[in-house]
Amino acid sequence: MNIGYYPGCSAKGSSLDYELSSAAVCRELGLVSSEITDWNCCGSTPAHAISSELSAALCTRNLMQASKQGADVVMTPCPSCLSNLLHAKERMKNPEFRKRVDELLDEPSKEDLPEATSVMQMIGRMYNTGQIAAHVKMSLAGLRIAPYYGCLMSRPADLMNFGDPENPTLMESLLAACGATDILDFPLKTECCGAASGIPHRPLSSVNSGRILELATRMEADCIAVCCPLCQMNLDLRQKQAGRQAKTRFDMPVLYYTQLMGLAFGCDEKELGLDKLIARPDKVVDKIKALNTAVREAQGGKA
Amino acid sequence: MQDSPLNIVRGRDVSFIKEVEAESGQNVSNCYQCGNCTAGCPAAFTYDMQANQVMRAVQLGLKDQVLHSKSIWMCLSCSTCSLRCPNNIDVASVMETLRHMARRENIVAVPRMDKFWMSFLNTVQAFGRSFEIGTMVLYMLRSLRLTTDVDLAPSALSKGKLGFKPHVIPDGGAKAVGRIFKRYQERAKREGVRP
Amino acid sequence: MRIGVFVCHCGSNIAGTVDCKAAAESALALPDVVYATDLMYTCAEPGQAAIEQAIHDYNLTGVVVASCSPRMHEPTFRRTVERAGLNRYMFEMANIREHVSWIGKDMVANTNKACELIGMAVAKLRNNRPLYAQRFDITKSVLVIGGGVAGIQAALDCADGGIPVILVEKEPTIGGKMAKLDKTFPTVDCSACILGPKMVDVAQHPNITLYACSEVDDITGYVGNFDVKIRRKATYVDWSKCTGCGTCTEKCPSKKVPDRFNENMGLTTAINIPFPQAIPKRASINPQYCRKLTTGKCGICAKVCPTKAIDYTMKDEIITVKVGSVIAATGYDLMDWTVYQEYGGGKYPDVITSLQYERLLNASGPTGGHIVRPSDGKEPKKVVFIQCVGSRDKSIGRPLCSGFCCMYTAKQAVLTKDHIPDSQSYVFYMDIRAVGKLYDEFTRRAIEEYGTEYIRGRVSKIYPDGNGQYVVCGVDTLLGQRIEVTCDLVVLAVGIEASHGASHLAEKLRISYDQYGFFLEGHPKLRPVETNTAGVFLAGVCQGTKDIPSSVAQGSAAAAKVLALFSRDKLENDPQIAHVNPARCVACGKCIRCCPFGAIKEETFRGQLKAKVIDTVCQGCGICTSTCPQGAIQLSHATDNEILAEVNLLCQY
């Protein structure tokens, strides 16, 4: 399988840590992919908000670029990019729509564009629990993790192919493979964080992110695990804003699931971009280390 | 505001209903007004018409009212409404369709949303990839909200989360993207709609 | 042959899109047709009189009526021609309403098609032969399947009418869903108090034989003569000895058995009697949890039983009974509401079904009638009721309205206030469907006198708020706002579906059922109790959603049908059955293997093995006739010649 890697714009900016940690995890697992040459922005929310055709044109160009380098599947860490790629692919099946999109492109689109999937699904597809567990050097056992997918990753269900759209569980299985035992049954795991509204209408992101942070805090989570750059930004960078809205102060580390996996694989913290997080992840890292030390000492004692 | 009471015989635009149905691929008469779309909507508190009321107005063909509503701009496209609709209506798709239609008719009920999106897309048009600080600057200038998110700047910048230099696609890719935008804008002009 | 053709206008139903006059005139050109006319309403009295008159005036020997589906009126017209002296099978019907006028608007095309269908009917009629029914003896007893309130009523009415009744119930007690309810709407009278006496009547009635813990394994035969195999499931207790004293249930050490009667709201023992008023009041052992049966070690119940009724070696027993009629009253089950992941999919302990709530309200329930939260045993102060969970929801394939949830929800809200005066109930509803006698008044009382907060809108999500309460995310569409309610307990009015296993039973009974498993009635308005299998009747929710009064009414109606059927001493068979031509039969046995009714057997005919149709068992389905490689089996009234005549005529066009 020839995998084309589509980082998405935020991977080179606000979610550099997602990119770093995804790369580290893939490297450890041996998941090889090649970045699509010359890839462009998928248009994100703004493009589909104003025109499905513009959005599809931007996405189709990426899929064509991937196709040119022989990729049969494109994987991206970002749910928003993935959603746009898949929506474009689906809409391009309509000949009329395709004609209108082709008018925008340098060259007419190909009939069979490559598949698109998320990095998370690709890891889940290629490696079973045992294969992932084999890389674990520091178990996540005992860490209270609130898994949070956001609204885009699992829906629409038939397009995203991510299991139950109300209750996806792939992230939990990957973290469990890394030894996590205390993954919370987080009821807001697919509720919207407020998406891209932070800039034009802050209360939208503050209120919705606040609700998620509040519940995770009340459920005594050590951290929230996320898979979407926008969610991460709303919950982490905008955590103070959400706190102000809720008239409280949150202190909730928000890590990408790949950062947690990377920690379990024993990757360097810097390599995982942990220093990029606003809500400091130190207590998460410390807890993992402490728990592992305790286990080792207990085992050592026995031996 | 409309005359009161609303005359739904005179106010009804049947072709509008058909148009919304064709473009969104949804049958709006399937909606029985349970309100589940509103019940789960994270943006409901910013709406002037709730999602179920938008659906109702579309059923009645109240084109003006719907296209002038702020809600279609505030929708976050999270599609919780579509997921839980007991009648399998893709409400999010109806909302998006209505926004597209409103833009085409040059009706922009929440200009700052449009300004934000255009600011974002302008950076994509210029560099092929989005450029966060560029988007912010353009948006602040356009919306005259010069203090937007300044509270975040120190931490974001110190963590290297925002780059001052745009990411430009190498090998002329940026130009290819620019051409996509150019063709899109030219076509919009030809068709007499807002790009 | 002298054939008369009558084309019906059916008011404007047919005449609106078919030129009936032209169709009648064209029929005159067909061979043997000596008379043709069009009539406004053929099935009405003047229409039938006109047919009779024409038979006399024109010496007709066969009649074709071109009108509606034969489903409703073929029997009508057969009686008409019979009154005029013709054999009832010298009649054919052309369906130019459902097959023509209702499905097309083009007058010319419709009229052409009508003419063709009339031509086919005439062609067939020219090949028809008179057929004569045979009379046969019947067994005047009835099998009632299901001992809920509908089945109980049907059984009691039949028994009172002097008919021996065999009542089969799959659970250890009769009473069905009604026995689990606390109070009933709109009178708020105690369910057990009004049902209990009827249950006792069943036990005491000399004409009723009750088989609890039993299921129908197999049914063969036909109206008047059904052979039924009943599986009496092993209860490991000899019910002829058991007195229902309950000593065994007190001493049983296996005490962590999910209590099915209490909708799993509590635990019971491996040997138990479902509830104090159970009929029969007999103990039975749940073999999954019995220590003796699972590990071989225990036997305490056998030791303590004063009548030595315990028998660990008991096996299922099959008994065979003969009945002349069957009433299906299998009721309903709740749909699997755990598909609603947004409501927790069953993982939140304080999000329960209405039926579970009934058990909490019920004085003989697991909490002695105290409303408490399953999670922590605390009394809830804020209770949210959500209606239409699994009803009116196309997205999960359940567009149907369950019918009675609006009412019991109002009742439960009222009872909640009675039990916990400082509580507040909220009801999320889409519409209040309260169409019965005193029903709407009752829902108004729930709101006006009991202060129940009715909120019009569906609920998008329920989640635990981390402080021991639940957040219900809904909407008030009348207000046009999202609504959140923080509450202690959520009660879901879960939609219903036909009883699990109903479709299997339907196949055994050879009756039809819909996509939700509800049995299909003979006609949605005019034959609501009958099925399309003669002698099989329906009562209660097995036919479609109903509240208690309607179920009881249908139970009585089914009993009336049985009593009417048994008012005759002999029944007539339908002569439209298969016949073997022994000269052509090669005894290959294919027909025997394909017959779904077991109506064909081998017999020796002039020293040779031949197939033979058992007249009374054959249902005239025709599978054998299309299977027979020799064309040796012919179905009367649908012979190869008759069908080929129709096809030939059609091919001429």
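**Chain architecture and contacts in a predicted three-chain model**

In chain C, C:Ile166 has C:Thr209 of β10(C) as its bridge partner. This pair, like every feature described below, belongs to a predicted model. Strand β7 of chain C, which covers residues 165–168, is connected to β10(C) by four bridges, and the two strands run parallel.

The two strands are part of an open sheet of five strands in chain C, with parallel pairing and the order β10-β7-β6-β18-β29. In general, strands of a sheet pair through backbone hydrogen bonds, in either a parallel or an antiparallel manner.

Chain C as a whole contains 18 helices and 34 strands. Its domain assignment lists five entries: domain 1 (3–125), domain 2 (142–233 + 317–332 + 508–565), domain 3 (247–304), domain 4 (336–494) and domain 5 (578–636). Between the C-alpha centres of domain 1 of chain C and domain 3 of chain C the distance is 66 Å. Taken along the principal axes, the C-alpha atoms of chain C fill a box of roughly 85 × 70 × 40 Å. Of the 653 residues in chain C, 48% are buried. Among the contacts in chain C with a separation of 6 or more, 69% are accounted for by residues 24 or more positions apart.

Chain A has a secondary structure of 14 helices and eight strands. Its radius of gyration is 20 Å, close to the 19 Å given by the globule rule for 303 residues, so chain A is as compact as a globular protein of that length. A box of roughly 70 × 45 × 30 Å, taken along the principal axes, is filled by the C-alpha atoms of chain A. For contacts in chain A with a separation of 6 or more, residues 24 or more positions apart contribute 80%.

Two domains divide chain A, namely domain 1 (3–121) and domain 2 (137–298). The C-alpha centres of domain 1 of chain A and domain 2 of chain A are 24 Å apart. Their contact draws 23 residues from domain 1 of chain A and 28 residues from domain 2 of chain A. On the side of domain 1 of chain A that touches domain 2 of chain A, the elements giving two or more residues are α1 (16–29), α4 (79–91) and α6 (119–126) of chain A. The most is given by α1(A), with nine residues. By class, this side of domain 1 of chain A comprises nine nonpolar, 11 polar and three charged residues.

Chain B has 11 helices and zero strands. From the N terminus on, the order of elements in chain B is accordingly written α-α-α-α-α-α-α-α-α-α-α. The C-alpha trace of chain B spans about 55 × 40 × 35 Å along its principal axes. Of its 195 residues, 47% count as buried. Residues 24 or more positions apart account for 64% of the contacts in chain B with a separation of 6 or more.

Contacts between chains were examined next. The contact between chains A and B takes 43 residues from chain A and 49 residues from chain B. At least two residues each of the side of chain A that touches chain B are supplied by α2 (44–50), α3 (52–68) and α10 (202–218) of chain A. With six residues, α2(A) gives the most to this side. The residues of the side of chain A that touches chain B divide into 23 nonpolar, 11 polar and nine charged.

Chain A is also in contact with chain C, where eight residues of chain C meet nine residues of chain A. The side of chain C that touches chain A has, by class, two nonpolar, four polar and two charged residues.

Technical notes
Residues numbered from 1 in each chain as written. Chains lettered and ligands numbered in written order. Predicted model: local features only at pLDDT ≥ 70, side-chain atom pairs only at ≥ 80, totals over all residues. Contact = placed C-beta atoms within 7 Å. Nonpolar A, V, L, I, M, F, W, Y, C, P; charged D, E, K, R; others polar. Pairing = 2+ DSSP bridges. Rg over C-alpha atoms; globule rule 2.2 N^0.38 Å. Domains from an automatic or database assignment. Buried ≥ 20, exposed ≤ 12 C-beta atoms within 10 Å, placed from the backbone.
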